[in-house]
Amino acid sequence: NGHDQFTPEDLRWIGLAAAQYARWNRNSDQFRFLVNSLYPQALKQDENYWPARLEMGLLFLEKYNAGDARLQLDAALAINPNAAPVHAARAALALQDFDLQTARRSLEQALAIDPQCLSAHQLRADALLAELRVDEAIAALEAARRLNPVDESTLGRLAGAYAAADGLGDDVQDSRLARLVGEV
């Protein structure tokens, strides 16, 4: 707060922190501020700063506002069609609507651009789980885990996939799920 000269990237990081704080404190007014003031301010400084569009799209997606999410993600892709995280976010939007075909296409685009896009690997697993292709989902999550071995979203999905594949019977001490929980 010591100065008023923030770059669009500064504003993005401030927005990411503010969104997390708002989630922890259930402050929905903060989300409105982010999508109506902060990120538009970043775009006012640089209309081609596509990460601001991505962050707005992700916030709208989180709040199940598919229409505004789609508008922001489309605008981000119009600026940078090679932004793998935006293609991954479009896949998340398609998965919310259970449009698996569109999700797969978006994920293929994201992974073709950036084979190490963690969110694309996670969402690929989500799509596979939606189709009850649990073993393939586990393979996708293990690939995601190699990218970031401590990512909580990956580990949580992997735990769920192990439970779906192996069950939660009485003899779980030596299961993949038990080993993963022990590691974590």
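Helices (H or I, at least four residues) and strands (E, at least two) are taken as DSSP runs and numbered from the N terminus. The structure described here is a predicted model, in which local features need pLDDT of at least 70 and side-chain atom pairs count only at pLDDT 80 or more, while totals for chains, interfaces and linings use all residues. Residues are numbered from 1 along each chain as its sequence is written, and side-chain values use heavy atoms, with hydrogens and water left out.

Of the 184 residues in the chain, 40% are buried, where buried means under 20% relative accessible area, exposed over 50%, and partly exposed in between (1.4 Å probe, protein chains only). Contact is defined as heavy atoms within 4.5 Å. Among the contacts with a separation of 6 or more, 47% join residues 24 or more positions apart.

We can turn next to the interior. In soluble globular proteins, nonpolar side chains tend to be buried together. A nonpolar core is here a set of buried Ala, Val, Leu, Ile, Met, Phe, Trp, Tyr and Cys residues joined through side-chain atoms within 4.5 Å. The largest such core has 41 residues, and those with the most contacts inside it are Leu34, Tyr39, Leu59, Val86 and Ala120. Two or more residues each come from helix 1 (8-25), helix 2 (28-45), helix 3 (50-62), helix 4 (66-79), helix 5 (84-96), helix 6 (100-113) and helix 7 (118-130). Helix 5 gives the most, with nine residues. Leaving aside neighbours within four places in sequence, Val86 is in contact with Trp50, Leu54, Leu73, Ala76 and Leu77. Another core lies apart from the largest one; it has 15 residues, including Ala125, Ala137, Leu141 and Leu180.

Ile14 lies in helix 1 and counts as partly exposed at 36% relative accessibility. Not counting residues up to four places away in sequence, Ile14 touches Phe6 and Leu38. Gly57, in helix 3, counts as buried at 0% relative accessibility. With residues up to four places away again set aside, Gly57 touches Ala69, Gln72 and Leu73. Its C-alpha atom is separated by 8.9 Å from that of Val35, 22 residues apart along the chain. His121, in helix 7, is buried with a relative accessible area of 12%. Beyond its neighbours within four places in sequence, His121 is in contact with Leu111, Pro115, Ala140, Ala143, Ala144 and Leu147.

The helices toward the end of the chain can be described pair by pair. Axes are lines fitted to C-alpha atoms, for helices over the stretch in contact, and angles run from 0 to 180 degrees between N-to-C directions. Angles under 35 degrees count as roughly parallel, over 145 as roughly antiparallel, 65 to 115 as roughly perpendicular and the rest as oblique. Helix 8 (residues 134-147) and helix 9 (residues 152-166) pack at about 155 degrees, with axes 9 Å apart, and are therefore roughly antiparallel. In this contact, Val134, Asp135, Ile138, Leu141, Glu142, Ala144 and Arg145 of helix 8 meet Thr154, Leu155, Arg157, Leu158, Ala161, Tyr162, Ala164 and Ala165 of helix 9. By class, the contact has 10 nonpolar, one polar and four charged residues; Ala, Val, Leu, Ile, Met, Phe, Trp, Tyr, Cys and Pro count as nonpolar, Asp, Glu, Lys and Arg as charged, and the others, Gly among them, as polar.

Helix 9 also packs against helix 10 (residues 176-183), at an angle of about 155 degrees and with axes 8 Å apart. These two helices are therefore roughly antiparallel as well. Leu155, Leu158, Ala159, Tyr162, Ala163, Ala165 and Asp166 of helix 9 make the contact with Arg176, Leu177 and Leu180 of helix 10. The residues of this contact divide into eight nonpolar, no polar and two charged.

Two loop residues complete the description. Most residues other than glycine have a negative phi. Phe98, in the loop between helix 5 and helix 6, has a positive phi of about 60 degrees although it is not a glycine, and is exposed with a relative accessible area of 53%. Leu132, in the loop between helix 7 and helix 8, likewise has a positive phi of about 60 degrees and is exposed, at 72%.
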